[in-house]
Amino acid sequence: MLPPAGPPSPAAAEGSSSGPASTSSVDYDARYRKGWAYGKAPSSFLVEAVAHLGGAQLDILSLGEGQGRHAVHLASLGHRCVGVDASTVGLSKARALANERGVTDRVASIHADLSSFDPAAGGAR
């Protein structure tokens, strides 16, 4: 759970010391350089899931965030989001999408390999 005080600090979250030597067999940096691999719109699953939250504004940790489509959608609903991903290209595009949609104050990113990411320890394990 994220601390309740203030929006996440992109400066504090970006460039975390926890990663990212990814163990994935997929080169997501290469995939994301080709365009918007999954589009800019959130998945229908996410849209349906958050519809049940009502008006509560939450602090959300999005693991495997990729290019930011989910964190940006959640931020557009008023939530504060931290996206974690091993792809620097994906996270750069996530920041650009947040800027495009006017939600940079509610979206932060952490560059980390999820196999060694520990949110309770500030990202490092």
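Begin by selecting the strands, which form an open sheet of three in the order β1-β2-β3 with parallel pairing; two strands pair if DSSP finds at least two bridges between them, and the strands (E, at least two residues) and helices (H or I, at least four) are DSSP runs numbered from the N terminus. This is a predicted model, in which local features need pLDDT of at least 70 and side-chain atom pairs count only at pLDDT 80 or more, while totals for chains, interfaces and linings use all residues. Residues are numbered from 1 along each chain as its sequence is written, and side-chain values use heavy atoms, with hydrogens and water left out.

Colour β1 (59-63) and β3 (107-111) next: these strands stand at the edges, each with a single partner strand, so one side of each is left without a neighbour in the sheet. From one strand to the next the twist averages 20°, where axes are lines fitted to C-alpha atoms (for helices over the stretch in contact) and angles run from 0 to 180 degrees between N-to-C directions.

Now select strand β2 (residues 80-85), which runs parallel to β3 and is joined to β3 by five bridges. Within this pairing, Cys 81 stands opposite Val 107 in β3.

Move on to Lys 93 and Trp 36, where Lys 93 lies over the face of Trp 36 at 4.6 Å from the ring centre. A charge sits over a ring if NZ of Lys or CZ of Arg is within 6 Å of the ring centre and within 35 degrees of the ring normal.

The next stop is the one aromatic pair that a search of the whole structure finds. Tyr 28 and Tyr 32 form this tilted pair, at 5.7 Å centre to centre and 40° between the planes; rings of Phe, Tyr and Trp (its six-membered ring) pair if their centres lie within 6.5 Å, with planes under 30 degrees apart counted as stacked, over 60 as edge-to-face and the rest as tilted. Because Tyr 28 and Tyr 32 are four residues apart in helix α2 (residues 28-33), they are separated by about one helical turn. Tyr 28 counts as partly exposed at 29% relative accessibility, whereas Tyr 32 is buried, with a relative accessible area of 4%; buried means under 20%, exposed over 50% and partly exposed in between (1.4 Å probe, protein chains only).

Finally, show the whole protein, which has five helices and three strands and follows the pattern α-α-α-β-α-β-α-β along the sequence.
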